[in-house]
Amino acid sequence: MTALPTHDLPLGHLERCQICGSGALRPILDLGHQPPCDSLLTRAQLDAPETVYPLRLVQCGACGLAQIDHVVRPDILFHPDYPYRSGITPSLVRYLQGTASVIVDTFGCPRGALAIDIGSNDGTLLKGFLAKGLRVLGVEATNIAALARAEGVETIQAFFSEKLARAIVTTHGRAAAVTSTNMFAHIPNLGDLLRGVSHLLEEGGVFVTESHYLLDLIATAQYDSIYHEHLKYYSLAPLLRLFGYYDFSIVDAERIPNYGGSIRVYAVKGAGRPRSARLAALIAAEEEAGINGPEAFARFVPLVEAAKLALQKLLVELKQAGMPAPGIGCPGRASTLLNYCNIDPVLMPYIAEQSSSLKLGLYLPGKHIPVVDEKRLFEEQPEYAVMLSWHYAEPIIAKLRQRGLRSKIIVPLPRLRIVER
Ligand SMILES: [Zn+2]
């Protein structure tokens, strides 16, 4: 029997695959040294030095896992003031609450059973379980935990661990369902997490994860979904291997549209359970597309470089014509995109965010573009603006038009295009 590779990663540069432990890591794309994408700066912090870390995509030659090769300390990435909040994106709210409903119905979780969400953010997903009559518990490391509590969702503010799982079983009992929809690819201590989830779940209980899906990342040249929080870029082959190490069976999986294309995986506690036809078809499709081998990225890198040059060229021309283009939306991925493309306040004077955003008044890490209330966008009606939440471009643009925005909108990926008014 071969030894189980460690899934609790060291900090700093990685020499070995995060799942299978192979040393055969192949370089794919170097995005340069970048600051953590959600560490927006206050005005006072602009006077201090700023720390950057290598941001490189590599692929394991043994198991196919696409991953980054540098681990930043989690308390730096997920600092207490981490500004991400699921409850402010209406489509995400509907989606997350629908997720809870599907899990309860598919796996027959009875009323009164316990559901736990790891990385529960403001409790949006757990509210879906509450509506189905389950008991819920959130685990959330950042201060957003307080928002969830204020809305009646019991939440422990902590990083999830096997130790915490043992404490939860003592106080709350075992769970019928555990979810990790926003954080699974972000976790550096995955071994600790999977041992903990296994302990938390009752026999036959289900662990549901969602992660960006490598197939979508490649197909739409989404280099901007690469950032330090996001350690792994999953396909099914490495996931099957990972869950197998911890005696879970992946029984089903489906592709879902979130975050520009994700995969939701249903893993049941206990080895050797049958796979759904849908899962078998997805595994076959991955083999067909060759995404777990080197050929997967042959077209990706040229597309990424072309998208970068097209955006730079257009923004320079607009600036020279006296029409610098502000950004619309400031998701984490905007930091990767703007830092990689070297877009600063000369080319992009500000980024407009909705009035409820926790990022207002702060500055984009690395490039120091101010994040302002979107009211300014409507008042100034710039000739052009760049859709930084391009993965939700259609619904956002429709809403901005309804509200009277007349600017031409530049959508930077997968291939740069301009949506006329
Ligand atoms: Zn590997």
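Reply: We may begin with an inventory of secondary structure. This is a predicted model, and the protein in it has 13 helices and 19 strands.

Me: What radius of gyration does the protein have, and what would a compact globule have?

Reply: For 421 residues a compact globule would have a radius of gyration near 22 Å, and the protein has 21 Å, which agrees. Along the principal axes, the C-alpha atoms fill a box of roughly 65 × 50 × 45 Å. Buried residues account for 47% of the 421 residues. As for contacts between residues at least 6 apart in sequence, 70% of them join residues at least 24 apart.

Me: Into which domains is the protein divided?

Reply: There are domain 1, covering 86–297, and domain 2, covering 300–419. Their centres, taken over C-alpha atoms, are separated by 30 Å.

Me: How many residues of each domain are in contact with the other?

Reply: In general, the size of an interface is often given as the accessible area lost when the parts come together. Here the description is by residue contacts: 14 residues of domain 1 are in contact with 18 residues of domain 2. The side of domain 1 that touches domain 2 has 8 nonpolar, 5 polar and 1 charged residues.

Me: How should I read a sheet, and in what order do the strands of the 7-stranded one lie?

Reply: Strands of a sheet pair through backbone hydrogen bonds, either parallel or antiparallel. The sheet in question is open, with mixed pairing and the order β8-β7-β6-β9-β10-β13-β12. Its edges are β8 (155–157) and β12 (248–256); each has a single partner strand, so one side of each is left without a neighbour in the sheet. From one strand to the next, the twist averages 15°.

Me: In which sense do β6 and β7 pair?

Reply: Strand β6 (residues 114–118) pairs with strand β7 (residues 135–140) in the parallel sense, over 5 bridges. Within this region, Asp117 stands opposite Gly138 in β7.

Me: Which strands does helix α6 touch?

Reply: Helix α6 (residues 190–200) packs on the sheet and touches β6, β9 (175–180), β10 (201–212) and β13 (262–269). The direction of α6 makes about 140° with that of β10.

Me: Where does helix α8 lie?

Reply: Helix α8 (residues 236–245) lies across β12 and β13, and runs at about 155° to β12.

Methods
Residues are numbered from 1 along each chain as its sequence is written. This is a predicted model: local features need pLDDT of at least 70, side-chain atom pairs count only at pLDDT 80 or more; totals for chains, interfaces and linings use all residues. Domain bounds come from an automatic or database domain assignment. Two residues are in contact if their C-beta atoms, placed from the backbone, lie within 7 Å. Ala, Val, Leu, Ile, Met, Phe, Trp, Tyr, Cys and Pro count as nonpolar, Asp, Glu, Lys and Arg as charged, and the others, Gly among them, as polar. Two strands pair if DSSP finds at least two bridges between them. Helices (H or I, at least four residues) and strands (E, at least two) are DSSP runs, numbered from the N terminus. Axes are lines fitted to C-alpha atoms, for helices over the stretch in contact, and angles run from 0 to 180 degrees between N-to-C directions. The radius of gyration is taken over C-alpha atoms; the globule rule is 2.2 Å times the number of residues to the power 0.38. A residue is buried if 20 or more other C-beta atoms lie within 10 Å of its own, exposed if 12 or fewer, and partly exposed in between; C-beta atoms are placed from the backbone.
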